[in-house]
Amino acid sequence: MDLKTWTPFPYLDKEWRFDFPRILRETGEFRPSMDVVRTNGTLVLTAELPGMTADDVDVFLDGDVLTIKGEKTDVREVSEADRYVHERTFGSFQRRMTVPDGVSAEGIDANFENGILTVQVVLPEDKEIEPKRIPVLTK
């Protein structure tokens, strides 16, 4: 009879992947999913905000930090005794992202359609920066 080494890690990994979304929901924190891509000199940020409207969301540029914040509210009144399943999350959220130097508020457009926020950030022209040699001195 061969002895096999047993390790719990494959089982824990499976359980963690299965339970992680549930754990996040139980914290009650709403954290929208975001994608950020760079396309033709523009940074395009897309955030999923189901059940929200453009009036529920604010977009700010403060220096080199782009901030998206808002609040997702539940308008239904349901007692806990009558609730069978509660998986949706509500509450305030705030997502921040550092943008390159030279980005201005005039170069940012934000659109909201069908629960999707799309923010387009025009990136400044890439400047050709030549490396500058720094002399290394000895004492």
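Helices (H or I, at least four residues) and strands (E, at least two) are DSSP runs, numbered from the N terminus. Keep that in mind as you click around, since the tour goes from element to element.

A word on ground rules before you start. What you have open is a predicted model, where local features need pLDDT of at least 70 and side-chain atom pairs count only at pLDDT 80 or more, while totals for chains, interfaces and linings use all residues. Residues are numbered from 1 along each chain as its sequence is written, and side-chain values use heavy atoms, with hydrogens and water left out.

**Stop 1: the whole chain**

Show everything as a cartoon. You'll find one helix and seven strands in the protein chain, and reading from the N terminus the order is α-β-β-β-β-β-β-β. Now colour by burial, where buried means under 20% relative accessible area, exposed over 50%, and partly exposed in between, using a 1.4 Å probe and protein chains only. Of the 139 residues in the protein chain, 22% are buried. As for contacts (heavy atoms within 4.5 Å), take those in the protein chain with a separation of 6 or more: residues 24 or more positions apart account for 54% of them.

**Stop 2: the open sheet**

Next, select β1, β2, β7 and β6. These four strands make an open sheet in the order β1-β2-β7-β6, with antiparallel pairing; two strands count as paired if DSSP finds at least two bridges between them. At the edges sit β1 (34-39) and β6 (108-113), each pairing on one side only. From one strand to the next, the twist averages 15 degrees (axes are lines fitted to C-alpha atoms, for helices over the stretch in contact, and angles run from 0 to 180 degrees between N-to-C directions). If you're wondering what holds such strands side by side, strands of a sheet pair through backbone hydrogen bonds, either parallel or antiparallel.

Zoom in on β2 (residues 42-48) and β7 (residues 116-122). How many bridges join strand β2 and strand β7? Seven bridges, in the antiparallel sense. Pick T46 here and you'll see T118 in β7 standing opposite.

Slide over to β6 and β7, an antiparallel pair with six bridges. Select E113, whose bridge partner in β7 is I116.

**Stop 3**

Click N114, found in the loop between β6 and β7. Its phi is near 55 degrees, a positive value in a residue other than glycine. For background, most residues other than glycine have a negative phi, and most peptide bonds are trans. Is N114 buried or exposed? N114 counts as exposed because its relative accessible area is 73%.

Now jump to N40, in the loop between β1 and β2. N40 isn't a glycine, yet its phi is positive at about 45 degrees. With a relative accessible area of 75%, N40 is exposed too.

**Stop 4: the cavity**

Time to look inside. A cavity here is a set of points, on a 1 Å grid over the protein atoms alone, where a 1.4 Å probe fits but cannot get out; lining residues have an atom within 4 Å of a point. Grid points are joined across faces, edges and corners, and a volume is the space filled by probe spheres set on the points. The structure holds one cavity of 30 Å³ or more, and about 30 Å³ of space lies in the largest cavity.

Select M34, L45, L66, I68, R95, R96 and M97 to see the lining of the largest cavity. Which strand gives the most to this lining? That's β5, with three residues. β4 (65-72) and β5 (91-98) each supply at least two residues of the lining. By class, the lining has five nonpolar, no polar and two charged residues; Ala, Val, Leu, Ile, Met, Phe, Trp, Tyr, Cys and Pro count as nonpolar, Asp, Glu, Lys and Arg as charged, and the others, Gly among them, as polar.

**Stop 5**

T98 counts as exposed because its relative accessibility is 56%. Not counting residues up to four places away in sequence, T98 touches D64 and V65. From T98 to T67 is 31 residues in sequence and 8.8 Å in space, C-alpha to C-alpha.

Finish at P124, in the segment after β7. With a relative accessible area of 28%, P124 is partly exposed. Leaving aside neighbours within four places in sequence, P124 is in contact with D101, G102 and V103. P124 and D101 are 23 residues apart in sequence and 7.8 Å apart in space, C-alpha to C-alpha.

Notes. 1 Å grid on protein atoms, 1.4 Å probe; cavity = no way out; pocket = protein on both sides within 12 Å on 5 of 7 lines; lining within 4 Å.
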